[in-house]
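Thanks for coming. I will walk through one structure this morning, a few places at a time, and the sequence and model go up now.

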Amino acid sequence: MAAAGGLVFALLVIFQMSSSVSALSSNYYEQTCPKLESAVTHAVKKAMMNDKTVPAALLRMHFHDCFIRGCDASVLLASKGKNKAEKDGPPNISLHAFYVIDNAKKAVEALCPGVVSCADILALAASDAVALSGGPTWDVPKGRKDGRISKASETRQLPAPTFNISQLQQSFSQRGLSLKDLVALSGGHTLGFAHCSSFQNRIHSFNATLDVDPALNPSFGSSLRSVCPAHNKVRNAGATMDSSTTTFDNVYYKLLLQGNSLFSSDQALLSTRETKALVSKFASSQEMFEKAFVKSMIKMSSISGGQEIRLDCKVVR
């Protein structure tokens, strides 16, 4: 019975995806809000001038939004009364830069009131985050609607940094995403920073006999242990996701092949022949990585969700 329910859920997700893909269009606001994209880009650029972590934050925010109820900006909603919203769920506590979306929304509302969804603004901001970090550009399909439901409890559906390859594959396939999408989208880890709690399972008490994951490069493992001791009390302690953390490139894959990845879920990409071959391919060619990343981002950001246009991204009317 549970398996049948899972199949129905998977088919529903795929149906939602296919119906939403046909509804989205890169020129959706061509007549109704022609200056939309420049307004969003301006807001992202302005924020980046003061905070170099903004691109990674926006990319992660979009990913976390799409994986819960589709790309419906439910991650932006504030908790209200007894309802604890997604942004206050454990995996989302470290999300930040919500103000960038709020500022972009204000600018867009001044240009074309009540026309553009918060979900579209977030998708555009994530695309800008990549492009303004030296990554590829692409035409973002638009026409998403905003959702009304946001529950912290549902954030447990997000793929965790401790996931193995079968858990990752299941999480992505439930959303109509393939193994290639998994490997390509993991390349988003080229931007950003991870707190110790996300990878402590690899550097302390890894298993009954080993303290450190043997797949880690020993010197890299030692450096992580010095930054993140067993009983770490420094709230913001952690490590950058790769050595060029503010530049969108393929260094993440090169480091992964050298045993210098942070998450178990990163290392998991080397555990099957298919995913390891893709890691090697993307490590050897930034062009192939960027092409795959764009294709997978468009696919992921087309997972449908909402029903309305919110005037304020934080609250439901």
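S261 sits in the loop between α10 and α11, the latter being residues 264–267. This is a predicted model, so please keep that in mind throughout. Is S261 buried or exposed? S261 counts as buried, because its relative accessibility is 3% and the cut-off for buried is under 20%. Setting aside residues up to four places away in sequence, S261 touches R202, L216, F220, L255, L256, D266 and Q267.

Two of those names, L216 and F220, come up again in a nonpolar core of 13 residues, which also includes F199 and L262. That core lies apart from the largest one.

The largest nonpolar core has 73 residues. Which residues have the most contacts inside it? They are L36, V40, L58, L76, I101, V108 and F293. Helix α5, residues 118–131, gives the most to this core, with 10 residues. Take L36 as a case: not counting residues up to four places away in sequence, L36 touches Y29, V108, V116, I121, L124 and K142.

S133 is in the loop between α5 and α6, where α6 is residues 165–173. S133 is buried, since its relative accessible area is 8%. What lies 2.7 Å from a polar atom of the S133 side chain? The backbone oxygen of A129 does. Leaving aside neighbours within four places in sequence, S133 is in contact with M48, P55, L191, T246, T247 and F248.

Another serine, S198, is in the loop between β1, residues 193–195, and α8, residues 200–203. S198 is also on the buried side of the cut-off, because its relative accessible area is 19% and buried means under 20%. Beyond its neighbours within four places in sequence, S198 is in contact with P161 and F263. For a sense of position, S198 and D51 are 147 residues apart in sequence and 22 Å apart in space, C-alpha to C-alpha.

Now helix α7, residues 179–186. Of its 8 residues, 7 are buried, so α7 is largely enclosed by the rest of the structure. The buried ones are L179, D181, L182, V183, A184, L185 and S186. What covers them? The cover includes α6, α10 (251–257), α12 (273–284) and α13 (286–300). At the N-terminal end, α7 is capped by S178, with a side-chain oxygen 3.3 Å from the backbone nitrogen of K180.

On to how the helices are arranged. Two packed helices are described by the angle between their axes and the distance between the axes. For α7 and α12, the axes come within 10 Å and cross at roughly 40 degrees. That angle is why α7 and α12 are called oblique to each other. The crossing of α7 past α12 is right-handed. On the α7 side, the contact is made by L179, K180, V183 and A184. On the α12 side, it is made by E274, T275, L278, V279, K281 and F282.

The axes of α12 and α13 come within 5 Å and cross at roughly 120 degrees. From α12, K281, F282 and S284 meet Q286, M288, F289 and A292 in α13. K281 and F282 are also among the α12 residues that contact α7.

Last, some backbone geometry. Most residues other than glycine have a negative phi, and most peptide bonds are trans. Where are the positive values I want to show? One is A73, with phi near 60 degrees. A73 lies in the loop between α3, residues 54–66, and α4, residues 98–111. A73 is buried, as its relative accessible area is 0%. Another is A97, with phi near 75 degrees, again a positive value in a residue other than glycine. A97 is found in the loop between α3 and α4. At 6% relative accessibility, A97 counts as buried.

That is the tour.

Methods: Residues are numbered from 1 along each chain as its sequence is written. This is a predicted model: local features need pLDDT of at least 70, side-chain atom pairs count only at pLDDT 80 or more; totals for chains, interfaces and linings use all residues. Side-chain values use heavy atoms; hydrogens and water are left out. A nonpolar core is a set of buried Ala, Val, Leu, Ile, Met, Phe, Trp, Tyr and Cys residues joined through side-chain atoms within 4.5 Å. Buried means under 20% relative accessible area, exposed over 50%, partly exposed in between (1.4 Å probe, protein chains only). Helices (H or I, at least four residues) and strands (E, at least two) are DSSP runs, numbered from the N terminus. Contact means heavy atoms within 4.5 Å. A polar contact is a pair of N or O atoms within 3.5 Å; within protein, one must be able to donate a hydrogen and the other to accept it, and residues adjacent in sequence count only if both atoms are side-chain atoms. Axes are lines fitted to C-alpha atoms, for helices over the stretch in contact, and angles run from 0 to 180 degrees between N-to-C directions. Angles under 35 degrees count as roughly parallel, over 145 as roughly antiparallel, 65 to 115 as roughly perpendicular and the rest as oblique. A crossing is left-handed if the near helix is turned anticlockwise from the far one by less than a right angle, and right-handed if clockwise.
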